[in-house]
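Reader: Could you take me through the reading of helix packing, burial and sheet order, one feature at a time?

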Amino acid sequence: MIGAQQVVDIALAEAARRGKADETMVLVTDRADASLRWAGNSMTTNGESVSRTTTVVSVVRRENSTHVASVRSSEVDPAAIPALVAASQDAALTAPEARDSAPPLPGDTTPDDWDDPVPGTGVGEFTAIADGLVRGFRGADRLYGYARHIVETTFLATSNGLRRRYTQPTGSVEINAKRDGASAWVGLNAPDFTAVTVDSMLEELSTRLGWARRRVELPAGRYETIMPPSTVADMLIYLNWHMDGRGAQEGRTALSAPGGGTRVGEKLTDLPLTMYSDPTADGLECLPFVAVPASSDRVSVFDNGLAIGRVDWIRDGVINALAYPRAAAEEFHAPVAVPADNLLMTGGTASVRDMVARTERGLLLTTFWYIRTVDPTTLLVTGLTRDGVYLVEDGEVTAAVNNFRFNESPLDVLRRATEAGASEYTLPREWGDWATRAKMPALRVPDFHMSSVSQAQ
């Protein structure tokens, strides 16, 4: 397999030779993937894989319109590149007008590491994880789970001379433990596993399973609920995915204002909460430039190569920004705002344990499962609790309770929250396959809506 840099050069040269497009963008992503699985206190599978995706974006500019097409391939044979370029250019010639058209970004200097070898990963990354699990396998709890490490290197080049490169490591560990019919889950994210201690994860699981020695059946209803960082991440990632400016301006989303415009400037909560994305956030570093194979309301292929900075989506409890690619920002007279591939929220100083100690009676809700949209105009979602809903009485966790189906909107959760804990690095359970990098506080919600009892175990 030839180097990704050579793929870029061949594709751009072929695009110039064919000459049917005014501009060409080439994205090549080399990916190395390692995984480890275990079940019933024994290792089951591990594996390594490498792959490559190549995308050619062709732009055809006519006197009064711009047309764009993207064609993507996982073929690694360089002989396939000319056909990929041809398909992209031919598709652009017949494509409808692109409403997100923006001027091409100028070329600049080539990154110093452009020609460096592409790093990889392997199952050796899991040595410390495996050693910790083996110790756990000797205990009475039955352990199940999955660890994954991915290293993606993205190369972006345009016919205007722009060059970008970035290597993104992504790691996650999820452990499910079972004891006497009870089940608990914990997960974490990390760019690598050098600082990950399985022992602390197993200790937390044992504590939760200990809470489940007593079980209480509760009816559906509204309960004072403490949401740890993982559940908050699941809610707020969903919110952030829907904070696009165009949809709000066109009256299609929960961020649309009654009568027109958007809800930017609206106060959601008196809590000093700031939700932001930042590609330089410590421990959550991510791609610092736009590199997308296709446009959406949030991002545009015409912005490929544009630097991504910090964006405060909510600042001090007030809706502060929506996502606008360059074209939409110009159309709606708004600042350009591009989401990074992470999400953080500032909080308070209390731990979940502190928040539990201040609770007279309520629920500790540790994980969400199967979140689905009910009403996009209000961001109402439904989902299930799973692997640990606990009863809190007089400042202590006293029992596990049955699972529920819930109906809530992340906007309403923020509006009604009465306390925020300290921000912690966390892994969202529902969205962890797509949005690994998060740092969130716990939240106290006085009336979280458990709409019905679930029979899920």
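**Helix packing, a buried arginine and an open sheet**

Author: The axes of α3 and α4 cross at roughly 40 degrees and come within 9 Å, where axes are lines fitted to C-alpha atoms, for helices over the stretch in contact, and angles run from 0 to 180 degrees between N-to-C directions. Helices (H or I, at least four residues) and strands (E, at least two) are DSSP runs, numbered from the N terminus. This is a predicted model, in which local features need pLDDT of at least 70 and side-chain atom pairs count only at pLDDT 80 or more, while totals for chains, interfaces and linings use all residues. Residues are numbered from 1 along each chain as its sequence is written, and side-chain values use heavy atoms, with hydrogens and water left out.

Reader: Which residues of α3 and α4 make the contact?

Author: Contact means heavy atoms within 4.5 Å. Ile129, Gly132, Leu133, Arg135 and Gly136 of α3 meet Val198, Asp199 and Leu202 of α4.

Reader: Which are the buried residues of helix α3?

Author: Buried means under 20% relative accessible area, exposed over 50%, and partly exposed in between (1.4 Å probe, protein chains only). In helix α3 (residues 127-137), the buried residues are Ile129, Gly132, Leu133, Gly136 and Phe137. Seen down the axis of α3, they fall within an arc of 145 degrees, so they line one face of the helix; the arc is that of the directions from the helix axis to the C-beta atoms. Their cover includes β1 (23-39), β2 (42-61), β4 (142-158), β5 (163-179) and α4 (198-211).

Reader: Is arginine 444 buried or exposed, and which side chains does a polar contact join to the side chain of arginine 444?

Author: Arginine 444 counts as buried because its relative accessibility is 5%, and its place is in strand β22 (residues 443-453). A polar contact is a pair of N or O atoms within 3.5 Å; within protein, one must be able to donate a hydrogen and the other to accept it, and residues adjacent in sequence count only if both atoms are side-chain atoms. The side chain of arginine 444 has such a contact of 2.7 Å with that of threonine 359, and another of 2.9 Å with that of glutamate 419.

Reader: What is the order of the open sheet of six strands?

Author: Two strands pair if DSSP finds at least two bridges between them. The order is β11-β10-β9-β12-β21-β20, with mixed pairing. β11 (318-319) and β20 (424-426) stand at the edges with a single partner strand each, so one side of each is left without a neighbour in the sheet. Three bridges join β20 to the antiparallel strand β21 (residues 438-440).
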